Amino acid sequence: MIETIATVLNYVLAFLIAYAIALWIALAIWAFYDIRTRTNDILVQLFSVLLVLAFNVFGLILYLFLRPKETLAEANVLALEEESYLAESEAMSRCPNCNYRLENDYVLCPMCQMELRKRCTGCRNLADLQWNVCAYCGTPVH
């Protein structure tokens with residue numbers, strides 16, 4: 001009877017040890033794949049995996065506090081959004097008289113009241129001051 005209990009305890013202990021080792025390796029692999037999505041620096045990747053390997057669950061918790069907050073993909077999306085916003089704001093025209101930022105459909109500059117465009121008498125679309133005829137309907141612009 002005691003031998004049976006000892007055998008069962010040995011199996012349970014072996015299973016728990018195998019489970020702990022599998023968990024330890026799985027945490028290190030997860031940390032490796034996670035840090036690869038967050039940085040291209042090989043030393044940081046190596047340090048992160050070694051941290052989890054050395055301290056197991058406590059190393060994983062420490063890694064979660066120390067890792068970069070955003071992934072490389074998220075950082076790229078943020079950079080593209082910023083670049084798009086800057087390009088959009090730069091695409092807005094400026095008043096040739098006072099350099100005020102203008103919307104595309106302004107007829108007058110709201111700061112200096114300089115005439116920027118005229119309304120076509122035929123189709124009521126905006127026409128540039130340099131146009132002789134409206135590009136939309138062909139009506140002469142005066």
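Helices (H or I, at least four residues) and strands (E, at least two) are DSSP runs, numbered from the N terminus. The model is predicted, so local features need pLDDT of at least 70 and side-chain atom pairs count only at pLDDT 80 or more, while totals for chains, interfaces and linings use all residues. Residues are numbered from 1 along each chain as its sequence is written, and side-chain values use heavy atoms, with hydrogens and water left out.

**View 1. Secondary structure and overall dimensions of the protein.** The protein has 3 helices and 2 strands, which follow the pattern α-α-α-β-β along the sequence. The C-alpha trace spans about 110 × 30 × 25 Å along its principal axes. The radius of gyration, taken over C-alpha atoms, is 34 Å, whereas a compact globule of 142 residues would have a value near 14 Å; the globule rule is 2.2 Å times the number of residues to the power 0.38.

**View 2. Surface and burial.** The accessible surface, from the Shrake-Rupley method with a 1.4 Å probe, comes to about 10900 Å², and 64% of this belongs to carbon and sulfur atoms. Of the 142 residues, 19% are buried, where buried means under 20% relative accessible area (1.4 Å probe, protein chains only).

View 3. S48 is placed in helix α2, which covers residues 42–66. S48 counts as buried because its relative accessibility is 5%. Leaving aside neighbours within four places in sequence, S48 is in contact with I35 and Y63, contact meaning heavy atoms within 4.5 Å.

How values were computed: Buried < 20%, exposed > 50% of the residue type's maximum accessible area, 1.4 Å probe, protein only.
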